[in-house]
Amino acid sequence: MNTKLILRINGIYMALSSLSAFFIPDMWFEGGGLTPNAAAYTLVQAVGTFGLCIGIISWRTADIAGDSIKSFGQLFGLLHCIFILLTAYQALTDQFSGFPVYFNIIISLALASSFFYSSRASTETDTARNG
């Protein structure tokens with residue numbers, strides 16, 4: 001898989017996940033063992049908006065990154081690592097539990113690994129090409 005394809009997959013995943021914040025926010029709360037209130041709904045919509053923006057950026061990065069594509073792949077891999085750390089922290093402190101913890105960690109781990117691998121593979125190819 002190349003970095004452009006992974007950026008597109010990431011964009012779609014982020015967009016779908018974020019749109020669920022607007023259309024099925026209770027899934028977020030119930031799946032994580034949380035009890036929502038009015039402020040929580042407002043916050044999850046804000047987080048969903050931010051996630052949708054990241055999804056759009058990811059999708060467009062595949063088109064506009066040019067020679068910097070491997071650097072963007074590494075950046076998106078780092079973003080997923082930060083998300084893994086947040087999810088693990090929330091699980092360890094009993095703020096978040098259940099299936100969403102494992103799902104989020106597995107998906108983010110797969111995407112981060114894919115970004116890092118494809119960026120590394122691009123670097124090795126560039127080095128071999130340039131001597």
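Mentor: Happy to! One definition first: two residues are in contact when they have heavy atoms within 4.5 Å. Helices are DSSP runs of H or I with at least four residues, strands are runs of E with at least two, and both are numbered from the N terminus. Keep in mind that this is a predicted model, in which local features need pLDDT of at least 70, side-chain atom pairs count only at pLDDT 80 or more, and totals for chains, interfaces and linings use all residues. Residues are numbered from 1 along each chain as its sequence is written, and side-chain values use heavy atoms, with hydrogens and water left out.

Taken along the principal axes, its C-alpha atoms fill a box of roughly 60 × 30 × 20 Å. Of the 131 residues, 31% are buried, where buried means under 20% relative accessible area, exposed means over 50%, and partly exposed lies in between (1.4 Å probe, protein chains only). If you take the contacts between residues at least 6 apart in sequence, 69% of them join residues at least 24 apart.

The part I'd like to show you is helix H4, which covers residues 69-92. Its 24 residues reach 35 Å from the first C-alpha to the last, close to the 34 Å expected at 1.5 Å a residue. That expected span is 1.5 Å times one less than the number of residues. The buried residues of H4 are Ile69, Gly73, Phe76, Gly77, His80, Ile84 and Thr87. Here is a general point to hold against that list: an α-helix has 3.6 residues a turn, so residues three or four places apart point the same way.

Now look at one partner, helix H1 (residues 3-23), which packs against H4 at an angle of about 40° with the axes 10 Å apart. Axes are lines fitted to C-alpha atoms, for helices over the stretch in contact, and angles run from 0 to 180 degrees between N-to-C directions. H1 and H4 are therefore oblique to each other; angles under 35 degrees count as roughly parallel, over 145 as roughly antiparallel, 65 to 115 as roughly perpendicular, and the rest as oblique. H1 passes H4 in a left-handed crossing, which is one where the near helix is turned anticlockwise from the far one by less than a right angle (clockwise would be right-handed). Thr3, Lys4, Leu7 and Asn10 on the H1 side meet Ile69, Gly73, Phe76 and His80 on the H4 side. Sorted by class, this contact has three nonpolar, four polar and one charged residues. Ala, Val, Leu, Ile, Met, Phe, Trp, Tyr, Cys and Pro count as nonpolar, Asp, Glu, Lys and Arg as charged, and the others, Gly among them, as polar.

H3 (residues 38-64) is another partner. The axes of H3 and H4 come within 10 Å and cross at roughly 155°, which makes H3 roughly antiparallel to H4. This crossing, too, is left-handed. Ile54, Ile57, Ser58, Thr61 and Ala62 of H3 make the contact with Ile69, Phe72 and Phe76 of H4. Those residues divide into six nonpolar, two polar and no charged. H1 and H3 also pair up: their axes come within 7 Å and cross at roughly 160°, so H1 is roughly antiparallel to H3.

Next, zoom in on Ile69 in H4. Ile69 is buried, with a relative accessible area of 14%. Leaving aside neighbours within four places in sequence, Ile69 is in contact with Thr3, Lys4, Leu7, Thr61 and Ala62. Leu7 and Ile69 are 62 residues apart in sequence, yet 9.6 Å apart in space, C-alpha to C-alpha.

Further along H4 you'll find Thr87, which counts as buried at 1% relative accessibility. Not counting residues up to four places away in sequence, Thr87 touches Phe96, Val101, Asn104 and Ile105.

Finally, step just past the end of H4 to Asp94, in the loop between H4 and helix H5 (99-130). Asp94 has a positive phi of about 60° although it is not a glycine, and at 70% relative accessibility Asp94 counts as exposed.
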